[in-house]
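Opening the notebook on this one. I'll jot down what I looked up, in the order I looked.

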Amino acid sequence: MEGRADLHMHTAHSDGAFSTDELLRKANEAGLSIISITDHDNVAAVDEAIEAGKQYGIEVIPGVELSAGVGEQEVHILAYFFDHKNQDLLDHLMFFRMERVKRAERIVGKLNNLNVPLSLDAVLERAGMGSVGRPHIATALYEEGLTGSYHEAFYKYIGNGKPAYEKKFQVSPQAAIELIASAGGLSFVAHPANSLDEAILLEFIKEGVDGIEVVHPSHSPERVMHYSGIVNEYFLLACGGSDFHGGRRNDQELLGKYYISLDHVQEMRRRLRQ
Ligand code: AMP
Ligand code: FE
Ligand code: FE
Ligand code: ZN
């Protein structure tokens, strides 16, 4: 089957810059035929995207990105093909989003103690109705003139291990995989090359994760080969995509460049029927 599937991108319902409609327009321009929007802890874009996809003939697979905790490490989990109206899943996502607000409040508290007069409202304004994350805090810091750049916000204050850093609420890998499975979906370890050591990846495989994100902008060709090997060895599924956010990340050119084949998506459907 000919065609490109990008199963990793974000809208303004989390920390992406664009609305769902704008993102679909860009996906179409990039020549994608299947996409999944994987907002952090939020599925608000799914119905919008399915609707907007119709005018371009783009198929939209329900998706979401969760944050799990393994010891001190944060591991992202991508999920697909679940029932995006499943009430238990929606309740959990709502809880995760509320915890994100509390964490933003803790970060703002730390910033204030460091004599950086940022208000929580300035942050929440930038997040709108979407999941609030550090990118919104960095944007607020920069736009309020409290840092010289967006990136300075991270290396001076809110980056991992910096003075105003706070962890967010993280589910256990088991709980995340179960939550997805009971909503009828498949779960994948996201962009493992970012931070993940191999022992943790194997732990996820033991817990029953369905696959690994093989294609991602942070993965070198060697890493892609490496993860494809693991996928084959353990009879897992492979997913992949651009992790497109837009805006300050200036990653417009990512769309259409990081993708998997439609056969990979077919494999997922086959697994769902088993
Ligand atoms: P959060 O999920 O709220 O912890 O935010 C994580 C996001 O913040 C990542 O996906 C990156 O977009 C961004 N981020 C984290 N660390 C940095 C950094 N050092 N420089 C720039 N962006 C960062
Ligand atoms: Fe993000
Ligand atoms: Fe991620
Ligand atoms: Zn992502």
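Cut-offs before anything else: I call a residue buried under 20% relative accessible area, exposed over 50%, and partly exposed in between, with a 1.4 Å probe and protein chains only. This is a predicted model, so I kept local features to pLDDT of at least 70 and side-chain atom pairs to pLDDT 80 or more, while totals for chains, interfaces and linings use all residues. Residues are numbered from 1 along each chain as its sequence is written, chains are lettered from A and ligands numbered from 1 in the order in which they are written, and side-chain values use heavy atoms, with hydrogens and water left out.

**Entry 1**

I count as donors the N, O and S atoms within 2.8 Å of the metal (3.2 Å for Na, K and Ca); water is not among the atoms, so sites may look incomplete. D15 sits in the loop between β1 (4-6) and α1 (20-29), and H40 in the loop between β2 (34-35) and α2 (45-54), so I note a pair that links parts 25 residues apart. Helices (H or I, at least four residues) and strands (E, at least two) are DSSP runs, numbered from the N terminus. Both D15 and H40 are buried.

I then checked the geometry. For reference, ideal angles are 109.5 degrees for four tetrahedral donors.

**Entry 2: the iron ion (ligand 3)**

Next I looked 5.7 Å away from the iron ion (ligand 2), where the iron ion (ligand 3) lies. E65 (OE), H76 (ND1) and H191 (NE2) coordinate the iron ion (ligand 3) at 2.0 to 2.3 Å. The spacing of these donors is E-x10-H-x114-H. E65 belongs to strand β4 and H191 to the loop between β6 and α8 (198-207), so the pair ties together parts 126 residues apart in sequence. Buried or exposed, I asked of E65? E65 is buried, at a relative accessible area of 1%, and H191 also counts as buried, at 9%.

**Entry 3: the sheet**

I took strands as paired if DSSP finds at least two bridges between them. The open sheet has 5 strands in the order β4-β5-β6-β7-β8, with mixed pairing. β4 (63-70) and β8 (237-240) are the edges, each with a single partner strand, so one side of each has no neighbour in the sheet. Neighbouring strands are turned by 40 degrees against each other on average, direction ignored. For such angles, axes are lines fitted to C-alpha atoms, for helices over the stretch in contact, and the range is 0 to 180 degrees between N-to-C directions.

β4 and β5 (residues 73-80) run antiparallel, joined by 8 bridges, and G69 stands opposite E74. β6 and β7 run parallel with 2 bridges; F188 has G211 as its bridge partner. β7 and β8 are also parallel, over 4 bridges, with I212 partnered by A238. Of the residues of β7 (residues 211-215), 5 of 5 are buried. Helix α7 (residues 173-182) lies across β4, β5 and β6 (186-189), at about 155 degrees to β4.

**Entry 4: cores**

By nonpolar core I mean buried Ala, Val, Leu, Ile, Met, Phe, Trp, Tyr and Cys residues joined through side-chain atoms within 4.5 Å. The largest has 49 residues, and those touching the most other members include L66, F188 and V265. β5 gives this core the most, 5 residues.

Most residues other than glycine have a negative phi. N115 has a positive one, about 65 degrees, in the loop between α3 (87-113) and α4 (120-127), and is exposed at 69%. F235 has phi near 55 degrees, sits in the loop between α9 (221-233) and β8, and is exposed at 67%.

How values were computed: Contact means heavy atoms within 4.5 Å.
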